[in-house]
Protein chains: 2
Amino acid sequence: MTSVEDIARRARDAKEAIAQASTEQKNKALRAMARALMDSVNVILEENSKDIEEGRKQGISTALLDRLNLNPSRVEEMARGLLDVANLKDPVGEIVEGWRLPNGLVIEKVRVPIGVIGIIYEARPNVTVDAAGLCIKSGNAVILRGSSNAINSNSILVEIISKAAAQTGLPEDSIQLVRRTDRESARELMRMHGLVDLLIPRGGEGLIRTVVENSTVPVIETGVGNCHVYVDSDANIQMALRILINAKTQRPGVCNACETLLVHGEIAREFLPVAASELRKKNVRLRGCPVTKEILGDCEDATEEDWYSEYLDLILAVKVVDDLDEAVRHINKYGSGHSDAIVTNSYENSRIFTERVDSAAVYVNASTRFTDGGQFGMGAEIGISTQKLHARGPMSLPELTTTKFIIRGYGQIRE
Amino acid sequence: MTSVEDIARRARDAKEAIAQASTEQKNKALRAMARALMDSVNVILEENSKDIEEGRKQGISTALLDRLNLNPSRVEEMARGLLDVANLKDPVGEIVEGWRLPNGLVIEKVRVPIGVIGIIYEARPNVTVDAAGLCIKSGNAVILRGSSNAINSNSILVEIISKAAAQTGLPEDSIQLVRRTDRESARELMRMHGLVDLLIPRGGEGLIRTVVENSTVPVIETGVGNCHVYVDSDANIQMALRILINAKTQRPGVCNACETLLVHGEIAREFLPVAASELRKKNVRLRGCPVTKEILGDCEDATEEDWYSEYLDLILAVKVVDDLDEAVRHINKYGSGHSDAIVTNSYENSRIFTERVDSAAVYVNASTRFTDGGQFGMGAEIGISTQKLHARGPMSLPELTTTKFIIRGYGQIRE
């Protein structure tokens with residue numbers, strides 16, 4: 001089996017050709033990849049069924065089995081995703097800024113591909129196709145390292161799309177899969193400093209932490225979301241309810257779902273009983289601070305650990321705060337810097353909240369569930385960055401590029 | 001002595017106040033810091049002389065002693081640097097982009113400070129003041145970790161400027177120095193993920209490598225520069241000479257100095273003898289490929305290692321190449337992605353060179369020595385990034401910031 005280093009070297013050798021490919025060539029490749037997927041639905045489902053069977057044998061959860069499972073419409077969705085990416089604006093070549101120096105030198109800062117991007121991800125086979133499409137469009141070679149659960153699905157998908165891309169003239173090694181799914185293969189990929197230019201882990205907290213701890217390749221941390229909704233003293237109760245229910249229950253298993261509700265003390269006695277009743281209709285379990293418990297009566301205890309927790313489940317931590325300042329301090333202390341919302345009718349409090357909350361996305365009077373490249377109108381997304389370097393919040397094509405300075409002169413030297 | 005973790009916690013606790021400080025407050029602090037330095041020249045020079053004395057005892061090189069040495073005009077330069085930074089535009093608060101979604105949500109992407117920035121650097125005490133000034137202006141708390149050689153100078157400088165900043169109302173812990181200069185203290189700083197948001201190492205290759213290998217905090221690699229000048233077949237010989245001599249000899253010890261000369265075979269016999277004679281007048285030693293040796297006669301051998309070398313000295317590796325393609329491939333293989341120049345009169349070759357060379361700064365008909373924040377007209381610089389994430393090339397104030405999304409609505413929820 002090819003070693004991770006071999007794969008990385010091949011990607012490195014392929015990167016110039018893919019970086020130099022024109023937008024037309026890249027779009028042609030994306031369309032060919034989409035067509036090839038549609039032409040191979042049967043073989044894809046066949047390979048996928050091996051993963052499902054193996055997963056059943058190993059007793060993996062129904063939720064995971066569902067995420068693993070492909071059917072004709074899911075394959076079609078992947079193909080359509082590639083066509084959507086073909087229709088997005090090519091970020092490469094954009095002149096971000098430029099100026100002329102007093103000595104006559106003309107400087108341009110130009111957007112260029114990053115080079116070789118590694119993606120380490122869990123379970124869902126659609127990530128394989130989505131990530132490959134975005135990397136190709138942004139002119140990058142990509143190394144995919146999925147999980148063992150999806151190895152048969154991922155292998156056939158990469159075989160199909162990389163062959164299709166190669167047939168349109170892109171290098172064969174533009175899209176590669178690490179077929180070894182032991183831990184060591186992931187660690188090897190993390191140590192490919194100099195060959196791999198960027199690593200994006202997509203998955204749970206454990207995966208992200210392992211990558212941060214071990215990688216010598218620059219990393220963009222994604223996805224962990226301990227998000228808050230803060231209901232201010234003069235919030236519109238109906239609006240606050242609508243936003244809270246949406247943020248908590250519309251899709252509880254994702255990173256931009258609400259995990260902790262903070263309520264101003266002045267509105268808590270009015271708001272909490274209604275909110276609790278609505279939340280319980282949606283099967284949400286509450287874990288409250290002492291004041292919450294006193295107001296609601298029947299409610300589990302929230303411990304210090306709860307304030308740090310990303311449940312990804314129908315559980316909500318609830319805390320009554322004295323004022324806006326306590327809410328902001330709570331969010332900045334316990335939150336993950338993903339998405340946090342205030343519901344208020346106070347101009348001044350909206351101003352202070354958006355200034356002081358140190359998160360990738362800060363909302364006034366809207367659900368945290370909007371933090372998403374598609375929802376933001378940025379096109380497809382490769383992940384949501386929760387770090388501060390390079391990209392913060394939803395990442396799309398421009399975030400998969402870097403820049404270089406091009407300086408044109410006529411013999412200038414430095415005095 | 002305060003532990004590195006204590007220092008990091010204090011910086012974390014200070015960061016919100018410095019992030020929220022207005023441009024006026026920050027400028028006031030910078031001017032007070034400059035004034036305090038000018039008022040304390042004597043005590044600064046006294047502490048500096050301890051470092052110099054200690055350095056002499058330990059037999060450190062004259063070059064290093066010179067970089068360590070402060071005098072009244074160098075202190076004045078540091079103070080003037082702070083005033084220059086006060087005059088630079090504040091990057092914080094810039095609305096980088098913004099738009100309205102079909103559902104009525106208004107999204108703004110706003111520039112905000114990164115938070116806590118760690119700087120690990122060698123010898124020169126002026127870095128202490130320069131880095132602190134840039135971090136303060138961009139709204140960041142800074143943790144400085146200089147070398148043991150400069151500990152007395154760095155201690156007094158930080159004492160003076162942090163006190164001056166605090167007297168204008170900024171948090172006392174906005175500027176902190178790690179007073180321990182053992183290796184372990186640097187390593188501790190590298191592991192402060194979650195408390196420190198960014199680490200910038202400034203120094204030689206060894207330091208950069210140690211930080212990349214060990215840091216869990218996101219890092220921006222700086223400074224290593226194996227830069228090339230490529231003289232194309234139809235270059236203007238006089239222009240090529242002027243650029244080469246400037247790039248190699250104007251200041252050989254810095255990262256944007258030229259380390260390897262590449263010459264097109266068709267022009268080599270005409271160009272190399274003149275170039276060698278001019279270079280030798282400047283005491284530059286040449287190490288050539290076989291063809292170079294054949295043309296020049298007396299010239300040391302260049303080994304494979306030479307092509308990878310950043311000499312930072314009056315040594316130049318020389319290679320005759322068959323064509324532009326070989327030149328580009330050489331640069332992309334052996335170079336460090338810092339600054340590379342072509343001298344040519346061919347429009348097509350200038351186009352291909354700037355497209356294909358994968359470096360932070362790519363020059364046509366100009367010296368590589370211009371890669372510098374000040375020369376580029378960006379104001380003071382905190383370093384030159386040779387990595388592709390977050391920032392590439394000279395970094396100034398905007399590169400010390402990140403962004404956040406602020407989303408304003410009136411009750412929108414996700415369907």
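Biologist: In which strand of chain A is A:Tyr230 found?

Modeller: This is a predicted model, and local features in it need pLDDT of at least 70. A:Tyr230 is found in the strand of chain A that covers residues 227-231. That is strand 7.

Biologist: Is A:Tyr230 buried or exposed?

Modeller: A residue is buried if 20 or more other C-beta atoms lie within 10 Å of its own. A:Tyr230 has 28 such atoms within 10 Å, so A:Tyr230 is buried.

Biologist: Which residues does A:Tyr230 touch, not counting those up to four places away in sequence?

Modeller: A:Tyr230 and A:Thr344 are 114 residues apart in sequence, but 8.6 Å apart in space, C-alpha to C-alpha. With residues up to four places away left out, A:Tyr230 touches A:Leu262, A:Ala327, A:Ala341 and A:Ile342.

Biologist: How is chain A divided into domains?

Modeller: The centres of the two domains of chain A, taken over C-alpha atoms, are separated by 35 Å. Domain 2 is 227-370, and domain 1 is 4-221 + 387-407.

Biologist: Why is strand 3 of chain A largely enclosed by the rest of the structure?

Modeller: In a regular strand the side chains alternate between the two faces of the sheet. On one side of strand 3 of chain A, A:Val116, A:Gly118 and A:Ile120 are buried; on the other, A:Ile117, A:Ile119 and A:Tyr121 are buried. Strand 3 of chain A is therefore largely enclosed, its buried residues numbering six of the six.

Biologist: Which residue stands opposite A:Ile120 in strand 4 of chain A?

Modeller: Strand 3 of chain A and strand 4 (residues 141-145) of chain A run parallel, joined by five bridges. Opposite A:Ile120 stands A:Arg145.

Biologist: Which residues have the most contacts inside the largest nonpolar core?

Modeller: The largest nonpolar core has 262 residues. Another core, of five residues, lies apart from it, with A:Ile52 and A:Leu68 among them. The residues with the most contacts inside the largest core are A:Met33, A:Ile161, B:Met33 and B:Ile161.

Biologist: What relation do chains A and B have?

Modeller: Chain B superposes on chain A by a rotation of 180° with 0.0 Å of shift along the axis, at RMSD 0.0 Å. That is the relation of a two-fold axis.

Biologist: Which residue of chain B comes closest to the rotation axis?

Modeller: The distance is taken at C-alpha, and the closest residue of chain B lies at 1.8 Å. That residue is B:His390.

Biologist: Which strand of chain B gives the most to the side that touches chain A?

Modeller: Chain B and chain A bring 56 residues each to the contact. Among the elements of chain B that each supply at least two residues are helix 1 (4-20), helix 9 (205-214) and strand 13 (361-366). The most, 11 residues, comes from strand 16.

Biologist: Why do the copies meet through the same surface?

Modeller: By class, the side of chain B that touches chain A has 24 nonpolar, 20 polar and 12 charged residues. The copies meet through the same surface because the interface residues of chain B that are also interface residues in chain A make up 100%.

Conventions:
Residues are numbered from 1 along each chain as its sequence is written. Chains are lettered from A and ligands numbered from 1 in the order in which they are written. This is a predicted model: local features need pLDDT of at least 70, side-chain atom pairs count only at pLDDT 80 or more; totals for chains, interfaces and linings use all residues. Domain bounds come from an automatic or database domain assignment. A nonpolar core is a set of buried Ala, Val, Leu, Ile, Met, Phe, Trp, Tyr and Cys residues joined through C-beta atoms within 7 Å. A residue is buried if 20 or more other C-beta atoms lie within 10 Å of its own, exposed if 12 or fewer, and partly exposed in between; C-beta atoms are placed from the backbone. Copies are superposed by least squares on the C-alpha atoms of residues with pLDDT of at least 70 in both. Two residues are in contact if their C-beta atoms, placed from the backbone, lie within 7 Å. Helices (H or I, at least four residues) and strands (E, at least two) are DSSP runs, numbered from the N terminus. Ala, Val, Leu, Ile, Met, Phe, Trp, Tyr, Cys and Pro count as nonpolar, Asp, Glu, Lys and Arg as charged, and the others, Gly among them, as polar. Two strands pair if DSSP finds at least two bridges between them.
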